[in-house]
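Subject: Structure for your review

Dear colleague,

I am passing on the structure below, together with notes on what was found in it. Please read the notes with the coordinates open beside you.

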Amino acid sequence: MFEQLSAEELFNLGKLYKQRVDYQKAVPHLDRASEMFLLEKNFEQFIEAKNQFLRIYGETDDQPKIEEIKEQLQDIVLGNNYPLGPKTFYVLGVCAQHKKQYSIAKEYFTKSLQIALKNDDKKDISYAVFGIATVCAATGQYNEAIKEIYNIRVFLQLVDLPDLEVSLKLLNGHILRKMANFDEALELFWQAFELIKENKDLYMYSNLLFSIGVTYNDRGDHHMAKDYLNLALMSIDKNNFKAFYEVVVSNLSEMYEPKSSNYDLIFDKEKR
């Protein structure tokens, strides 16, 4: 079914299916595209296709597939003397975060930042700094995370990155939640809701419902928390977002326990 399509067309279709969370269709398109890119010795696009796979397998929590792709990328680097770019290191950082390997994730994000700064690429710089901010937040270094968020906002004045703006509000909201500033956190989540009305990103929609739910729970409003957490649960494709689904189920089952919410998600769902 791919005979009449070029590698670039297959890649774009695969990326579109990925954005729609239709991984069953995304994978064969991206797989064929990556094969064709490799035959053409188009290493830049081959790596870009593999980056898409890393995002998919990170979200589906398929660690063997992630390791397989990392080996393929290493073969390209060693066999063809082709350096990995900031985007690949950023995606590897996201994958490490899914496994709660925060020190490794920070190393990847820092490497991504170093390359992006060398290239003077504001988009890649913004995402790399965002990655570092998420690690700081996940490890309880809230003041450091807030400093990094401020740095990103400086770059967002120079480059239009709407997906990152949503992710930034989500991250900032959860930091405020952890600091018991519940009303401010909810305000940021509602602002993010307004931003995603245009792109209709299902993952972000589910993530924001969940974020509002855990914030209400931490504030002591368990009735509202249960409503939003159930809405989040109903909106999640559990086959494609296994880790996210398990976190929501865990929070619902533990909602009336005295301990704090179990929130340890990746805040980024950008579409690069």
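To begin with a single side chain: is Arg153 buried, partly exposed or exposed? Arg153 has a relative accessible area of 27% and is therefore partly exposed, where buried means under 20% relative accessible area, exposed over 50% and partly exposed in between, with a 1.4 Å probe and protein chains only.

Two remarks on conventions come before the rest. This is a predicted model, in which local features need pLDDT of at least 70 and side-chain atom pairs count only at pLDDT 80 or more, while totals for chains, interfaces and linings use all residues. Residues are numbered from 1 along each chain as its sequence is written, and side-chain values use heavy atoms, with hydrogens and water left out.

Salt bridges

A search of the whole structure finds eight salt bridges, each defined as a side-chain nitrogen of Lys or Arg within 4 Å of a carboxyl oxygen of Asp or Glu. In one of them the side chains of Glu165 and Arg153 meet, at 3.0 Å from N to O. Because Glu165 lies in helix α9 (residues 162–178) and Arg153 in helix α8 (residues 142–156), this pair ties together parts that are twelve residues apart in sequence. Helices here are DSSP runs (H or I, at least four residues), numbered from the N terminus.

Lys169 counts as buried, at 12% relative accessibility.

Another salt bridge is formed by Arg177 and Asp218, whose closest N and O atoms are 2.3 Å apart. Since Arg177 lies in helix α9 and Asp218 in helix α11 (residues 202–219), the pair ties together parts that are 41 residues apart in sequence. Arg177 is buried, with a relative accessible area of 3%, whereas Asp218, at 26%, counts as partly exposed. Salt bridges that share partners join Arg153, Glu165 and Lys169 into one network.

Aromatic pairs

The structure holds eleven aromatic pairs; rings of Phe, Tyr and Trp (its six-membered ring) pair if their centres lie within 6.5 Å, and planes under 30 degrees apart count as stacked, over 60 as edge-to-face and the rest as tilted. Tyr90 and Tyr127 form an edge-to-face pair, with 5.6 Å centre to centre and 70 degrees between the planes. Tyr90 lies in helix α5 (residues 86–98) and Tyr127 in helix α7 (residues 122–138), so the pair ties together parts that are 37 residues apart in sequence. Tyr90 and Tyr127 are both buried.

Tyr216 and Tyr228, by contrast, form a stacked pair, 5.8 Å centre to centre with 25 degrees between the planes. This pair links distant parts of the chain, with Tyr216 in helix α11 and Tyr228 in helix α12 (residues 222–235), twelve residues apart. Tyr216 is buried, with a relative accessible area of 10%, and Tyr228 counts as buried at 15%. Tyr216 and Tyr228 belong to one aromatic cluster with Trp190, Phe193 and Tyr205.

Nonpolar core

The largest nonpolar core has 85 residues, and those with the most contacts inside it are Leu54 and Phe210; such a core is a set of buried Ala, Val, Leu, Ile, Met, Phe, Trp, Tyr and Cys residues joined through side-chain atoms within 4.5 Å. The largest share of this core, ten residues, comes from α7. Leaving aside its neighbours within four places in sequence, Leu54 is in contact (heavy atoms within 4.5 Å) with Ile66, Ile69, Leu73, Val91, Leu92 and Cys95.

The buried residues of α1 are Ala7, Leu10, Phe11, Gly14, Lys15 and Lys18. Seen down the axis of α1, these fall within an arc of 135 degrees (taken from the directions from the helix axis to the C-beta atoms), so they line one face of the helix. What covers them includes α2 (23–39) and α3 (43–59).

Lys41, in the loop between α2 and α3, has a positive phi of about 55 degrees although it is not a glycine, and Lys41 is exposed, with a relative accessible area of 59%. Lys100, likewise not a glycine, has a positive phi of about 65 degrees and is placed in the loop between α5 and α6 (102–119).

With best wishes

Notes: Helix = DSSP H or I, 4+ residues; strand = E, 2+ residues; numbered from the N terminus.
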